[in-house]
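This briefing describes how one protein chain is folded. Look at the structure first, then read the points below.

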Amino acid sequence: MAKKLIALCACPMGLAHTFMAAEAIRKTAVAMGYEVKVETQGADGIKNELTAADIREADIIIHAVGVTPQGLERFEGLAVYEVGLQDIIKNPQDILKEIEADLEQ
């Protein structure tokens, strides 16, 4: 059974970086063998919203945000890796490997 990675992406304008980060996470996570779901909070609203079950079952939770996203209370008490939008767009594999290494400690 594949590990589950979920992410929430949001940027101030909600036009480009939100979706670029979401795609970088999705492609990289799939290539690394994860089951992945990414919620975007962009100019077109919330898409692919993470459910309580998605959050509860996640092995890795990533927030790639440049603004305070809606529904942040859903993640209270959970280990959330916050990453920069530009960082995850440019180096998604390095960031996911860093998270994996952190979890192995």
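The model is predicted. The protein chain contains 4 helices and 5 strands, and along the sequence they follow the pattern β-α-β-β-α-β-β-α-α.

**The sheet**

- The 5 strands form an open sheet in the order β3-β2-β1-β4-β5, with mixed pairing.
- At the edges are β3 (45–47) and β5 (81–83), each of which pairs on one side only.
- From one strand to the next, the twist averages 15°.
- In general, strands of a sheet pair through backbone hydrogen bonds, and the pairing is either parallel or antiparallel.
- Strand β1 (residues 4–10) and strand β2 (residues 35–42) run parallel and are joined by 7 bridges.
- Within this pair of strands, I6 stands opposite K37 in β2.

**A helix on the sheet**

- Helix α1 (residues 17–31) packs on the sheet and touches β1, β2 and β4 (60–65).
- The direction of helix α1 makes about 180° with that of β2.

**Size and packing**

- A compact globule of 105 residues would have a radius of gyration near 13 Å, and the protein chain agrees with this because its own value is 13 Å.
- Taken along the principal axes, the C-alpha atoms fill a box of roughly 35 × 30 × 20 Å.
- Among contacts with a separation of 6 or more, 63% are between residues 24 or more positions apart.

**Surface**

- Of the 105 residues, 40% count as buried.
- The protein chain exposes about 5,900 Å², and carbon and sulfur atoms supply 50% of this area.

Notes. Residues numbered from 1 in each chain as written. Predicted model: local features only at pLDDT ≥ 70, side-chain atom pairs only at ≥ 80, totals over all residues. Heavy atoms only, no water. Pairing = 2+ DSSP bridges. Helix = DSSP H or I, 4+ residues; strand = E, 2+ residues; numbered from the N terminus. Axes fitted to C-alpha atoms, helices over the stretch in contact; angles between N-to-C directions. Contact = heavy atoms within 4.5 Å. Rg over C-alpha atoms; globule rule 2.2 N^0.38 Å. Buried < 20%, exposed > 50% of the residue type's maximum accessible area, 1.4 Å probe, protein only. Areas by Shrake-Rupley, 256 points an atom, 1.4 Å probe, with all protein chains shown as cover.
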